[in-house]
Amino acid sequence: MTSGVLLVTGGGGVGKTTLSAALAVTAARRGRRTLVVTIDPARRLANALGLRELRSEPTPHAEQSNLWAAMLDAFASWNAIARRHAPAHVAERLVDNPFFEAAAQHFPASQSYASAEEMANYLEARRWDLVVVDTPPAAGGIEFFSAPAEMRDLVGGRLLRWLTGGRLPGRRTLFNLTARPALRVAGSVLGSDLLEEVAEFLMDLRTTYDGLARRAAEIEQHFRRARTMVVTTADPAPLREAARFYRELPEVAATPDTVVFNRVLPAHWYSASPPPDGPIAENLQRWASEAHRQAEARQEFAALWKTEVATVPWRAESPTHLDALAELIEAAEGLPLDQLGIV
Ligand SMILES: Nc1ncnc2c1ncn2[C@@H]1O[C@H](COP(=O)(O)OP(=O)(O)OP(=O)(O)O)[C@@H](O)[C@H]1O
Ligand SMILES: [Mg+2]
C-alpha cells in the first residue's frame with residue numbers, strides 16, 4: 001500500500017486542527033483508510049474524533065469506518081526516541097532527568113521534531129492510504145520543516161559547545177565545568193548542582209546523535225514527498241506566516257500545493273443592495289466591508305505569490321461533529337481534493 005501524507009500547516013489559531021479533522025473525515029468517507037494525527041484539539045473536537053485521552057497510538061473511530069485518530073504526546077515520543085537511539089543505561093538516566101521532560105514538552109523544536117518522527121513512523125507502518133498531520137502551533141508553521149535539522153544541531157552539541165567553549169568536555173571533567181566563563185555565569189544563576197544536571201542532560205543527549213541524525217535525514221525525505229496545505233485567515237499575522245511558505249521554505253519541503261483561507265465571509269454580503277438606515281444597517285455595512293477586505297486580501301495574496309487560493313466558509317458554530325466537519329469541506333471552494341490526496 002502506498003501511504004501519502006498531507007501536512008496541514010499555518011500560523012496559530014487559523015483552523016489547522018479543525019481542517020485536518022475535516023479533511024480526514026472526508027477522505028475516510030470516500031473510502032480511503034485515513035489516520036489524522038492531531039495536536040491539542042479542543043475537547044469537543046477530540047470527542048468527535050473518538051479521542052478521550054492523550055494517545056499517540058492510533059485509535060479506530062467507533063462510528064466512522066476508515067478513520068483512525070492519534071494525538072501527539074511529545075513526552076512519550078521523546079521517551080521512545082531516547083530509548084531507540086541512546087545506549088540502554090544512558091536512556092534510563094536521560095528520561096529521568098527533569099530537563100529531559102522540560103525540553104520534550106516545552107521546547108518548540110522538540111515538539112515539532114516529535115511530531116515529524118511520529119509522522120515517519122505512521123507512514124512507514126503502511127497501514128493507511130493517507131496520513132493527515134496537524135502541525136504543532138508552538139513552532140509557528142514553517143519551523144516544522146526545519147525541526148529535524150535543528151534537533152540534529154542541538155543534539156550534536158551546539159548548546160553544550162556554547163556552554164563549554166570549543167572542545168566538548170568528557171564526563172570526568174564535568175565537575176570542573178565552572179572553570180569556563182559561560183558556565184561560571186550560568187552556575188552563579190542556576191547553582192552548581194542544577195548546572196551539573198543541565199550539562200549531564202546535554203552530554204547524555206549527545207549519545208543519541210548518530211541515530212537521531214540518521215532519522216532526521218529520513219524524516220526530511222518524507223517531507224520532500226509530502227503534500228502541504230497552508231491554512232490562513234485574512235488577518236495580518238497569519239498572512240505573514242503563510243507568505244513565509246512561499247518566500248523562505250527550507251529546501252526539504254516543496255512549495256505548498258494550495259493556500260486555504262479559512263473563516264471566509266460570503267461574497268454576497270458585500271455585493272447585496274444597500275440595507276435601509278438604522279443600527280442594523282450599520283452593522284450589515286460593517287460586515288459587508290469586512291467581507292470585501294477579506295476578498296481583497298485573497299486576491300492580493302494570490303497575485304503576489306502566484307498561487308491558487310481556496311476558501312472555507314466561516315460558520316457561526318465551531319464545527320465539532322463528524323457531519324459538520326464533512327460539511328465544511330463540501331462548502332469549501334477551490335480545494336483541490338485529488339491533489340491533496342483526499343480522493
Ligand atoms: N470555518 C470555521 N468556522 C467557524 N469556526 C471555525 C472554523 N475553523 C475553525 N474554527 C474555530 O476556530 C478555533 C481555532 O481553530 P483550530 O483549533 O482548528 O485552529 P488551530 O490552527 O489548530 O489553532 P492552534 O494554532 O492553536 O493549534 C476553534 O474554536 C475552531 O472550532
Ligand atoms: Mg491546533
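Guide: Contact here means heavy atoms within 4.5 Å. By that rule, Ala74, Ser77, Trp78, Ile81, Arg84 and His85 of helix 3 meet Ser110, Gln111, Tyr113, Ala114, Glu117, Glu118 and Asn121 of helix 6. This is a predicted model, in which local features need pLDDT of at least 70 and side-chain atom pairs pLDDT 80 or more, while totals for chains, interfaces and linings use all residues. Residues are numbered from 1 along each chain as its sequence is written, chains are lettered from A and ligands numbered from 1 in the order written, and side-chain values use heavy atoms, without hydrogens and water.

Visitor: Why is helix 3 called roughly perpendicular to helix 6?

Guide: Helix 3 (residues 74-85) and helix 6 (residues 108-125) pack at about 70 degrees, with axes 9 Å apart. Axes are lines fitted to C-alpha atoms, for helices over the stretch in contact, and angles run from 0 to 180 degrees between N-to-C directions. Under 35 degrees counts as roughly parallel, over 145 as roughly antiparallel, 65 to 115 as roughly perpendicular, and the rest as oblique. The angle therefore makes helix 3 roughly perpendicular to helix 6.

Visitor: What classes of residue make up the contact of helix 3 with helix 6?

Guide: There are 5 nonpolar, 5 polar and 3 charged residues. Ala, Val, Leu, Ile, Met, Phe, Trp, Tyr, Cys and Pro count as nonpolar, Asp, Glu, Lys and Arg as charged, and the others, Gly among them, as polar.

Visitor: How do you know which way helix 7 runs against helix 11?

Guide: The axes of helix 7 (residues 143-155) and helix 11 (residues 209-225) come within 9 Å and cross at roughly 165 degrees. Helix 7 is therefore roughly antiparallel to helix 11. The residues in contact include Phe144, Phe145 and Met151 of helix 7 and Leu212, Ile219 and Phe223 of helix 11. By class, this contact has 13 nonpolar, no polar and 2 charged residues.

Visitor: What is the hand of the crossing of helix 7 and helix 11?

Guide: Helix 7 passes helix 11 in a left-handed crossing, meaning that the near helix is turned anticlockwise from the far one by less than a right angle (clockwise would be right-handed).

Visitor: What makes strand 3 and strand 8 edge strands?

Guide: The open sheet of 8 strands has the order 3-4-2-5-1-6-7-8, with mixed pairing. Two strands pair if DSSP finds at least two bridges between them. Strand 3 (59-60) and strand 8 (309-313) each pair on one side only.

Visitor: What makes strand 7 mostly covered?

Guide: In strand 7 (residues 258-264), 6 of 7 residues are buried. Strand 7 runs parallel to strand 6 (residues 227-232) over 4 bridges.

Visitor: Why is Asp40 called exposed?

Guide: Its relative accessible area is 67%, so Asp40 falls in the exposed class. Asp40 lies in the loop between strand 2 (34-38) and helix 2 (43-48), with a positive phi near 50 degrees in a residue other than glycine.

Visitor: Is Lys306 buried or exposed?

Guide: Lys306 is exposed, at 74%. Lys306 sits in the loop between helix 14 (279-305) and strand 8, and has a positive phi of about 45 degrees although it is not a glycine.

Key: Helices (H or I, at least four residues) and strands (E, at least two) are DSSP runs, numbered from the N terminus. Buried means under 20% relative accessible area, exposed over 50%, partly exposed in between (1.4 Å probe, protein chains only).
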